Amino acid sequence: MGTVPSALKHCLSYQHLLKEQLWIGEPAAPPPASLHAGQESQASGLPEYVKIVEVGPRDGLQNEKVIVPTDIKIELINRLSRTGLPAIEVTSFVSSKWVPQHSWDHQGRASRKMADHNEVMRGIERHPGVQYPVLTPNLQGFHSAIAAGATEVSVFGAASESFSRMNINCSIEESIEKFEEVAKSARNMNIPVRGYVSCALGCPYEGNIVPAKVAEVSKRLYSMGCYEISLGDTIGVGTPGSMKRMLEAVMKEIPLSALAVHCHDTYGQALANILTAVQMGVAVVDSSVAGLGGCPYAKGATGNVATEDVVYMLNGLGINTGVNLYTVMEAGNFICTALNKKTNSKVAQASFNTGPIK
Amino acid sequence: NVVPTAVKINLINMLSETGLQVIEATSFVSPKWVPQMADHTEVMQGINKLPGVSYPVLTPNLKGFQAAVAAGAKEVSIFGAASELFTKKNINCSIAESLERFGEVMTAARAASIPVRGYVSCVLGCPYEGKISAAKVAEVSKKMYSMGCYEISLGDTIGIGTPGSMKEMLTAVMKEVPVGALAVHCHDTYGQALANILVALQMGVSVVDASVAGLGGCPYAQGASGNVATEDVVYMLNGLGVHTGVDLQKLVDVGTFICNALNRRTNSKVSQASCRL
């Protein structure tokens, strides 16, 4: 396109540009308690508010090559606490005692990267109005989490038998039984439980996953008491087409307000998939600061979608998130510097390079 | 670092085999301004032109148009902008003056029965002016369409747009130009390209510009990406059940070829992912 010679040096810096644009401005205050996530009051049919669940410190760091020191994790979480994010998944209570340290399945990775779960849980600042859920794959993990001060937990199911066996060494049914134990204890202690369904749009072992299966597993998790079901496109193969079909099936079983999407950007489809979900009324979106967390199933490929890029899009749609994009970018910059890696967020990439090419 | 002519010709020939119907081959701009396109005549004369595939070229003025036709071009493109400042900085004149220049190209093209595609830059934001009004985009698009452009490609030049601003802009433009004559040219600088393209499709747009392997960075932000990757667009369209006629695997192979030749990594996530479903 065109020629861009010396004129470049006069162009606005991106910082200036971003400040001007509507979608980068200071976020509005979070909605009043009466307006829950998912309530449609925009003429466009989009939710007025979307809750962002930040999974960088757990899902993100668990899937990065480098093991991050505990103090860096705590600093990251503390910075994220100041961005307006309403929920930050902080760690995972997987026991390293039961898992061979050389194993490369989920348990192996999680136990190594999240071995400092107690220290993290006890070390972080707890900001009012911010939730700090943790993963608890079984009752033992749940008890450890509570002992360490957790006030919300998550359980991870899958819509694929093969994935369930390869990842947590048991069938879907067996995993549901374990989660039911957790859910029961959690209910007794008034601890909310979030349920994840992996492989919602495809499985690295089975390939295509039928929407009905996703709906079935989601319903099991919801019936046992999970307040929210996060539908995960674990290998990022989904597209707006498959997202729509899957959500239509799940929405027959679960109320919209209890649904979340957890999209991976492995095939670059995440934002388009999230847009589709939001257009259908989903009002909770998982994302990871700086797009931390690669795909363990495709070497060198990306995984989690970047929180910065999601917030940028939602801002542009006039959807309130309560999140300050600048402070998230700064947190992203912090952790990328600590990890000595480039950000996976395109918004951060474009914004931190101020001005034109020299 | 200019790409050797032979590599360019190879690239275009390989793209011709993927099912793509339109491949923008080169630019008949003075080499003084764009040295990377100095070999425009050799490229135009060297490529295999498959029947059913169009090979438009950029022609910023009458002189470029004449050189293009002499070299065998059968379709040309002209570049307008929705921003006065961008036009001034880029080609040193006002929007009105640029349209006058294009008028000369249009007259000559009509006489030679050569279709002309019009591009409008900065439709969702400008690196100099900042915010661009949808009304201005509609105005420039309308002018170019009235002048005889068969298609108007609306370019988010700095990739700053979101589905929100895309919708607003298209709503305004569609009042002046039929949707069948519209295309979107989204940049992925802020990762918004596929979401923006999706919105355009939902509004009835059915022509999408993209670049194999996401070639082409953003000249306005060092290190930032520019063009959206064709592979990623085709992947999404396939998933939506929208027919493109493009063989994705062949396209991925072309992307691999050019990235090897350029000694660079692809910007296509589809290509990057080795996961096979």
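Which residue in S6(B) is the bridge partner of B:Ile152? In this predicted model, local features need a pLDDT of at least 70 and side-chain atom pairs count only at pLDDT 80 or more, while totals for chains, interfaces and linings use all residues. Residues are numbered from 1 along each chain as its sequence is written, chains are lettered from A and ligands numbered from 1 in the order in which they are written, and side-chain values use heavy atoms, with hydrogens and water left out.

The partner turns out to be B:Leu182. Strand S6 of chain B takes in residues 182–186; strands here are DSSP runs of E with at least two residues, helices are runs of H or I with at least four, and both are numbered from the N terminus. S6(B) is mostly covered, with five of its five residues buried, where buried means under 20% relative accessible area, exposed over 50%, and partly exposed in between (1.4 Å probe, protein chains only). B:Leu182, B:Val184 and B:Cys186 point one way from the strand, B:Ala183 and B:His185 point the other way, and all are buried.

Now for the neighbours of this strand. Strand S5 of chain B (residues 151–156) runs parallel to S6(B), and five bridges join the two; strands count as paired if DSSP finds at least two bridges between them. S6(B) also pairs in the parallel sense with strand S7 of chain B (residues 208–209), over two bridges. In that pairing, B:Val184 stands opposite B:Val208. From S6(B) the chain crosses through helix H8 (residues 193–202) of chain B to S7(B), in a right-handed β-α-β crossover. Right-handed means that, with the strands pointing away from the viewer, the path from the first strand over the helix to the second runs clockwise. S5(B), helix H7 (residues 163–173) of chain B and S6(B) make a right-handed β-α-β unit too.

Stepping back, the UniProt record (an unreviewed entry) annotates residues 1–252 of chain B as "domain: Pyruvate carboxyltransferase"; such annotations may be inferred rather than shown by experiment. That span is 41% helix and 12% strand, and its end C-alpha atoms lie 24 Å apart.

Chain A holds 14 helices and nine strands, and 61% of its 358 residues count as buried.

How confident is the predictor? Chain B averages a pLDDT of 95, and 99% of its residues score at least 70; pLDDT is the predictor's confidence in each residue, from 0 to 100. The complex gets an ipTM of 0.95 and a pTM of 0.92.
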